[in-house]
Amino acid sequence: MTLLEAQSISKYYDLKNHRFGKASRFEAIKNVSFKLEAGKTLAIVGESGSGKSTLARQIIGIEKPTNGSVYFNGELQNFSNKKQRKQRFKNIRMVFQNPYDSLNPQARIGTTLDEVLAINTKLSSKERKRKISKTLNMVGLLSEHQYRYPHMFSGGQRQRIAIARAIILDPQIVIADEPLSALDVSIQAQILNLLQELQEETGISFLFISHDLNVVEHIADSVLVMFRGEVVEYGSVAEIFDNPKHPYTQALFSSTPMYRKRFPEFSRPRQIRRLESEANGCKFAIRCEYCGDRCLDEKPELFKLEQEHEAACFKVELKN
Ligand SMILES: Nc1ncnc2c1ncn2[C@@H]1O[C@H](COP(=O)(O)OP(=O)(O)O)[C@@H](O)[C@H]1O
Ligand SMILES: [Mg+2]
């Protein structure tokens, strides 16, 4: 069952150019589409600045997309509909990169969690207490931890608290925006395992934003690869990790030491050889080793390769 569907989402920001007084428009994401199935994990991969967090903000509705539609539980989301907004905020919860920034340092953990329940549910204070203890146990913490403040926890524990805050309302979806990036490598695996266990226990779906391919291979069912605000490749985790087709995805693998052995044929990305020529053409052209004239003039659409595999590249299209 499809829980969440994004159809051609774009978000443009107006930038004021103070020097010349002329406004310009920055396309942070353009025509991004995907589906998230119940109980599954969709990873969004791409270098910093590729629009991953912007996409998350449009999905949950913190910002209104410039164009495109979001369907949640089959229902088209009207971004000014307050009832739908409340439903979305309750059923789609976020976990951010830095758990210290996202927790109020002056509030005990129990207070922070209780606030979420008090605002979003009709539970009595006794029921809320029980729910808080249960949720803390679910993320591997103790009931008595609710009386402590954020600074009394390690980074990994704080991320567990952030996860507790996300799941305490029994949401259908958690959007995790680089949830491991601020943690020590040894702790990353623990948090990754916790997320997987929670998914097995509760059937929750994850939109998992990351630039770490190794983590993505571990947790994801399918993968969306973004470059400068656009989807360049989409596929099941098996397709992407066995048979990456887009030169950008290939470059990501070749710049990650542990995948270099798996894909010795992919060359390391070279220095930029071209000027920005991208008004009409492929955005990756400036870095692409296979770039031809057509790529500079025309934008490749996502081309279907397999049942669950698409890539936006003319090289791929020609081979089929
Ligand atoms: N409010 C905004 N105004 C202008 N530009 C923005 C705004 N938010 C994000 N951007 C730009 O959009 C691009 C994508 O940003 P972001 O979604 O944060 O990328 P990522 O999460 O993949 O690192 C960046 O170039 C960023 O500077
Ligand atoms: Mg981000």
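# Exercises on a predicted model

Lys11 lies in strand S1 (residues 2–17); helices (H or I, at least four residues) and strands (E, at least two) are DSSP runs, numbered from the N terminus. This is a predicted model, in which local features need pLDDT of at least 70 and side-chain atom pairs count only at pLDDT 80 or more, while totals for chains, interfaces and linings use all residues. Residues are numbered from 1 along each chain as its sequence is written, and chains are lettered from A and ligands numbered from 1 in the order in which they are written.

**Exercise 1.** Classify Lys11 as buried or exposed, and list its contacts outside its neighbours within four places in sequence.

Step 1. A residue is buried if 20 or more other C-beta atoms, placed from the backbone, lie within 10 Å of its own, exposed if 12 or fewer, and partly exposed in between.
Step 2. Lys11 has 22 C-beta neighbours inside 10 Å, so Lys11 counts as buried.
Step 3. Two residues are in contact if their C-beta atoms, placed from the backbone, lie within 7 Å. With neighbours within four places left out, the partners of Lys11 are Ala28, Ile29, Thr54, Gln58, Glu63, Pro65 and Thr66.

**Exercise 2.** Describe the shell around ligand 1 and find which element gives the most to it.

Step 1. A residue is near a molecule if its C-beta atom, placed from the backbone, lies within 6 Å of it. The residues around ligand 1 are Tyr13, Phe26, Ala28, Gly46, Ser48, Gly49, Ser50, Gly51, Lys52, Ser53 and Thr54.
Step 2. Ala, Val, Leu, Ile, Met, Phe, Trp, Tyr, Cys and Pro count as nonpolar, Asp, Glu, Lys and Arg as charged, and the others, Gly among them, as polar. The shell then has 3 nonpolar, 7 polar and 1 charged residues.
Step 3. Strand S2 (22–37) and helix H1 (52–60) each supply at least two shell residues. H1 gives the most, with 3 residues.
Step 4. In H1, 7 of 9 residues are buried, namely Lys52, Thr54, Leu55, Ala56, Gln58, Ile59 and Ile60. Gly61 follows H1 and has a positive phi, near 95°.

**Exercise 3.** State how H6 packs on H7, and H4 on H6.

Step 1. Axes are lines fitted to C-alpha atoms, for helices over the stretch in contact, and angles run from 0 to 180 degrees between N-to-C directions.
Step 2. Helix H6 (residues 155–167) and helix H7 (residues 185–202) pack at about 20°, with axes 10 Å apart. Angles under 35 degrees count as roughly parallel, over 145 as roughly antiparallel, 65 to 115 as roughly perpendicular and the rest as oblique. H6 and H7 are therefore roughly parallel.
Step 3. Gly155, Gly156, Gln159, Arg160, Ile163 and Ile167 of H6 meet Ile187, Gln190, Ile191, Leu194 and Leu198 of H7. This contact has 6 nonpolar, 4 polar and 1 charged residues.
Step 4. Helix H4 (residues 109–120) and H6 also pack at about 20°, with axes 9 Å apart, and H4 and H6 are therefore roughly parallel. Ile109, Thr112, Leu113 and Val116 of H4 touch Ile161, Ala164 and Arg165 of H6.

**Exercise 4.** Determine the orientation of H4 relative to H5 and the classes of residue in their contact.

Step 1. H4 and helix H5 (residues 125–138) pack at about 120°, with axes 10 Å apart. That angle makes H4 oblique to H5.
Step 2. H4 supplies Gly110, Leu113, Asp114, Leu117 and Ala118, and H5 supplies Arg128, Lys131, Ile132 and Thr135.
Step 3. The contact of H4 with H5 has 4 nonpolar, 2 polar and 3 charged residues.
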